[in-house]
Amino acid sequence: MQPTLVRRRPSPCLSQTPLEVAQDPVAFEFRLLTHRISAGFPSPAADYAEEGLDLNDYLVRNKPATFMFTVRGDSMIGASIEEGDKVVVDRAMTPKHDDIVVAVVEGEYTIKRLYKHQGRVELRPENPAYSPIIFNDGVELLVWGVVVGVVRRYSSRG
């Protein structure tokens, strides 16, 4: 049985312009606490201060090949990637099965989970409201890069 290529215009899932990560970003170190934080009962953590954490060093392994996109849409909510999040994408990484990737499908950027098994290739959303994009033999998949991190900013309510 031949897999079929889903021919539909994908809704834009990412901003269409990748933002280059600065080559010499200004380092700003956050205080990193070694104490694990509880999502249940609070516990004092002031005595567990560690070295600083520079988010550039933490998220960016290969500066010339690392870019950021702004997520549009809700196809990846099951992977905790939501509308307005920034995804950090490394173009130098080789995509493998189960990676979250940025791909170009019919001229549009999209973010999905890569599925490769026994010659079958799909881009799978993490939201059951969306269908996977299935690639037949001879149809080339263009993976733009591998997602290595997500940055989300919460608004203050008050």
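These notebook entries record what I looked up on salt bridges and strand pairing in a predicted model.

**Basis.** I number residues from 1 along each chain as its sequence is written, and I use heavy atoms for side-chain values, with hydrogens and water left out.

**Entry 1: salt bridge count.** I took a salt bridge to be a side-chain nitrogen of Lys or Arg within 4 Å of a carboxyl oxygen of Asp or Glu. By this rule I record 7 salt bridges.

**Entry 2: Arg152 and Asp85.** I looked up this pair and found a salt bridge with an N to O distance of 2.7 Å. The two residues belong to distant parts of the chain, 67 residues apart: Arg152 lies in the segment after strand 10 (142–151), and Asp85 in the loop between strand 4 (66–70) and strand 5 (86–90). Strands here are DSSP runs of E, at least two residues long, numbered from the N terminus. For burial I used relative accessible area with a 1.4 Å probe and protein chains only: buried is under 20%, exposed over 50%, and partly exposed in between. Asp85 counts as buried because its relative accessibility is 3%. Arg152 has 28% and therefore counts as partly exposed. I also note that a network of salt bridges links Glu82, Asp85 and Arg152.

**Entry 3: Glu126 and Arg113.** The closest N and O atoms of this salt bridge are 2.5 Å apart. Glu126 is partly exposed, since its relative accessibility is 24%.

**Entry 4: Glu122 and Arg120.** I found the side chains of Glu122 and Arg120 in a salt bridge at 2.3 Å, N to O. Glu122 has a relative accessible area of 2% and so is buried. Arg120, at 32%, is partly exposed.

**Entry 5: partners of strand 10.** I counted two strands as paired if DSSP finds at least two bridges between them. Strand 5 pairs with strand 10 in the antiparallel sense over 5 bridges; in this context I noted Val88 opposite Gly149 of strand 10. Strand 6 (residues 100–105) also pairs with strand 10 in the antiparallel sense, over 4 bridges. For Val101, I recorded Val146 in strand 10 as the bridge partner.

Definitions and conventions
Predicted model: local features only at pLDDT ≥ 70, side-chain atom pairs only at ≥ 80, totals over all residues.
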